Amino acid sequence: MKNKKVTFVALLAILAVLSTQSVSAMHIMEGYLPLFWCIFWFAVFLPFFVVGLMRIKKIVAEDPNSKTMLALSGAFIFILSSLKIPSVTGSSSHPTGVGLGTAMFGPSVISVLGTICLLFQALLLAHGGLTTLGANAFSMAVVGPFVGYFVYKFAKSIKLSTPVSIFICAVIADLATYATTSIQLGLVFPDANSGFVGSALKFMGVFLTTQIPIAIVEGLLTVVLY
């Protein structure tokens, strides 16, 4: 376990250097969503955050040593989601890093860890935004982890190996995040002819050109670090 932690920290340090590259803003950027949708996504996201806080409190109470792995899971999310590749206007493609913590602690915990990462990125790196925090947190810290977790549990139930299950969890959580972001953008910017559905599908199409290979690489890295 100690060697795994050393490897984990070393890889995070390498990724931290890579994440300092300057490119356009990631997530849904500040001011990109109307006030109604900012409030709406905050309201939808908030219950998951509260449940996540309760779950973390229980985990730490049962095993105080879990604080280390919780912190490392949060660091993994922060650094991977700071690696950004320009994609759709107003957003960008990047790994999410949520698969590791999801497999280790469950999706509720990631609702908190992911949101903390998004908040620090908005405040310190000007990535994403405060008004769009609810929308970004719902896609990356709620939908991605929950979908990934259900897929992970299903994979385990059909007797797939742990590495394969972890890989699938990370990949699907990543792709689910971007599918949700596409839906969020489609709701705000419906296509003149095909409406919300057409707009969301267009956003998904542009995202997936970069997101599929990113998700695969993220899945492999998550397996190595698990």
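These are my notebook entries on a predicted model of one protein chain.

**Ground rules**

I number residues from 1 along the chain as its sequence is written, and my side-chain values use heavy atoms, with hydrogens and water left out.

**Overall layout**

I began with the secondary structure and found eight helices and two strands. I took helices (H or I, at least four residues) and strands (E, at least two) as DSSP runs, numbered from the N terminus. Read from the N terminus, the order is α-α-α-β-β-α-α-α-α-α.

Next I looked at burial, calling a residue buried under 20% relative accessible area, exposed over 50% and partly exposed in between (1.4 Å probe, protein chains only). Of the 226 residues, 48% come out as buried. I then checked contacts, meaning heavy atoms within 4.5 Å. Among those between residues at least 6 apart in sequence, 78% join residues at least 24 apart.

**The UniProt record**

I looked up "transmembrane region" in the unreviewed UniProt entry, which lists residues 34-56, 68-85, 105-126, 133-152, 164-189 and 201-225. I keep in mind that the positions follow the numbering used here, that feature names are shortened and that annotations may be inferred rather than shown by experiment. I checked two of these stretches against the model. Residues 164-189 are 96% helix and 0% strand, with the end C-alpha atoms 37 Å apart. Residues 201-225 are 100% helix and 0% strand, and there the end C-alpha atoms are 33 Å apart.

**The cores**

Which residues have the most contacts inside the largest nonpolar core? I found Leu33, Ile77 and Val109, in a core of 35 residues. By nonpolar core I mean a set of buried Ala, Val, Leu, Ile, Met, Phe, Trp, Tyr and Cys residues joined through side-chain atoms within 4.5 Å. At least two residues of this core come from each of α2 (35-62), α3 (66-80), α4 (98-105), α5 (107-125), α6 (133-157), α7 (162-188) and α8 (195-225). The largest share, eight residues, is from α6. I also noted another core lying apart from it, with five residues that include Phe76, Leu80, Leu100 and Leu225.

Leaving out residues up to four places away in sequence, I see Leu33 touching Ile28, Cys38, Trp41, Thr132, Ala135 and Val188.

Is Gln184 buried or exposed? Gln184, in helix α7, is buried, with a relative accessible area of 1%. With the residues up to four places away in sequence again not counted, Gln184 touches Ile28, Trp41, Ala135, Phe138 and Ser139. Gln184 and Trp37 are 147 residues apart in sequence, yet 8.7 Å apart in space, C-alpha to C-alpha.

Ser108 belongs to helix α5 and counts as buried at 18% relative accessibility. Beyond residues up to four places away in sequence, Ser108 touches Phe48, Val51, Gly52, Arg55 and Phe146.

I get an accessible surface of about 10,400 Å², 75% of it belonging to carbon and sulfur atoms, by the Shrake-Rupley method with a 1.4 Å probe. Leu125 in helix α5 counts as partly exposed because its relative accessibility is 36%.

Notes: This is a predicted model: local features need pLDDT of at least 70, side-chain atom pairs count only at pLDDT 80 or more; totals for chains, interfaces and linings use all residues.
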